[in-house]
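Here are some notes for a colleague to read with the model open.

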Amino acid sequence: RGGQAEREIPFARPDSLTRVYAVASGKGGVGKSSVTSNLAVALADQGLTVGVVDADIYGFSIPRMLGVDRAPTQVDDMIMPPEAQGVRVISVGMFVPGNQPVVWRGPMLHRALQQFLSDVFWGDLDVLLLDLPPGTGDVAISVAQLIPGTEIIVVTTPQQAAAEVAERAGSIAAQTHQRVVGVIENMSWLELPDGSRQEIFGSGGGQHVADSLSRLMGHEVPLLGQIPLDVALREGSDAGDPVVRSAPDGPAGVALRGIARGL
Ligand code: ADP
């Protein structure tokens, strides 16, 4: 849209009724995108109108997890997001030909995010979820600039080392004056056939991050929930059929639906 004035971001208006959550993690592989896609579907199942922006530029995985099988279309100069599992989705992966790696630099990422927020026809959303890249990168700062009211959800595993980097990612919110809604601990344990729990990645990471961020932010940052390891979660993500739909009464399905109800 060279030369034209930038279009307003509807979610940044003071009278916007859309709750915007950015899902952040310290490092990759902790289940941030799995949590984002499942929360989106669980919230849609509650009757809410939900959108997801996959801003994990280097590791975009939301379209596969939600089973998006269409490309965005263009109507006039707006981008229409495809819908999958009742959720409107835009991903940087939809604008990269083939499966080429993305080599964009900071300012381009900011610009892409801005376009995803202003040039996509989202309609009236109750909730918008942003899947951020792992770490304390520029994208978190961009989100804060573009939508100051964004609330942060931090995902970590129980492991101490993972918790420390998650804490750093969450602490960006203190600098940008955003609210941290809470911490979600993923991969908390494996339920064994005899009903006992094996804590594969240790324990305590989620509570530790919640306590540290509470002190740092000066407001209560709760542990929103713990999601066990569950083969059905991984299978659902691979098949584009999120676990909250494919196995809602399994360990991960129950945990994720509970967290979505509490948001
Ligand atoms: P991130 O977005 O943090 O990089 P992903 O959501 O892509 O992480 O998850 C990494 C891998 O771990 C995926 O294959 C996903 O299916 C799997 N996974 C995530 N959480 C769980 C869980 N609770 N149980 C089983 N597999 C999980």
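A crossing of two helices is called right-handed if the near helix is turned clockwise from the far one by less than a right angle, and left-handed if anticlockwise. Please keep in mind that this is a predicted model.

1. Let me begin with helix H3 (residues 106-118) and helix H4 (residues 138-146). Their axes lie 10 Å apart and the packing angle is about 40°. Angles under 35 degrees count as roughly parallel, and H3 and H4 are therefore oblique to each other. The crossing of H3 and H4 is right-handed. On the H3 side the contact is made by Gly-106, Leu-109, His-110, Leu-113, Gln-114 and Leu-117, and on the H4 side by Asp-138, Val-139, Ser-142, Val-143 and Leu-146. By type, the residues of this contact are six nonpolar, four polar and one charged.

2. An α-helix has 3.6 residues a turn, so residues three or four places apart point the same way.

3. The next pair to look at is H5 and H6. The axes of these two helices come within 9 Å and cross at roughly 30°. H5 and H6 are therefore roughly parallel to each other, and their crossing is right-handed. From H5, the residues Gln-160, Ala-162, Ala-163, Ala-166, Glu-167, Gly-170, Ser-171, Ala-173 and Ala-174 meet Gly-205, His-208, Val-209, Ser-212, Leu-213, Leu-216 and Met-217 of H6. This contact divides into nine nonpolar residues, six polar and one charged.

4. H6 deserves a point of its own. It covers residues 205-217, 13 residues in all, and reaches 18 Å from its first C-alpha to its last, close to the 18 Å expected. Which residues of H6 are buried? They are Gly-205, Gly-206, His-208, Val-209, Ala-210 and Leu-213. These buried residues pack against helix H5 (160-176) and against the strands E8 (151-156), E9 (179-191) and E11 (223-229). Just after H6 comes Gly-218, with a positive phi of about 75°.

5. Do have a look at the loop between strand E10 (197-198) and H6, where Phe-201 lies. Phe-201 has 20 other C-beta atoms within 10 Å and is therefore buried. Leaving aside residues up to four places away in sequence, Phe-201 touches Thr-157, Pro-158, Gln-159 and Met-187. Between Phe-201 and Gln-159 there are 5.4 Å from C-alpha to C-alpha, although the two are 42 residues apart in sequence.

6. Two backbone angles are worth checking. Most residues other than glycine have a negative phi. Gln-85, in the loop between strand E5 (83-84) and strand E6 (87-91), has a positive phi near 55°. His-177, in the loop between H5 and E9, is not a glycine either, and its phi is positive at about 60°.

7. Are Gln-85 and His-177 buried or exposed? Gln-85 counts as buried because it has 22 C-beta neighbours inside 10 Å. His-177 counts as exposed because it has 9 such neighbours inside 10 Å.

Conventions
Residues are numbered from 1 along each chain as its sequence is written. This is a predicted model: local features need pLDDT of at least 70, side-chain atom pairs count only at pLDDT 80 or more; totals for chains, interfaces and linings use all residues. Helices (H or I, at least four residues) and strands (E, at least two) are DSSP runs, numbered from the N terminus. The expected span of a helix is 1.5 Å times one less than its number of residues. A residue is buried if 20 or more other C-beta atoms lie within 10 Å of its own, exposed if 12 or fewer, and partly exposed in between; C-beta atoms are placed from the backbone. Two residues are in contact if their C-beta atoms, placed from the backbone, lie within 7 Å. Axes are lines fitted to C-alpha atoms, for helices over the stretch in contact, and angles run from 0 to 180 degrees between N-to-C directions. Angles under 35 degrees count as roughly parallel, over 145 as roughly antiparallel, 65 to 115 as roughly perpendicular and the rest as oblique. Ala, Val, Leu, Ile, Met, Phe, Trp, Tyr, Cys and Pro count as nonpolar, Asp, Glu, Lys and Arg as charged, and the others, Gly among them, as polar.
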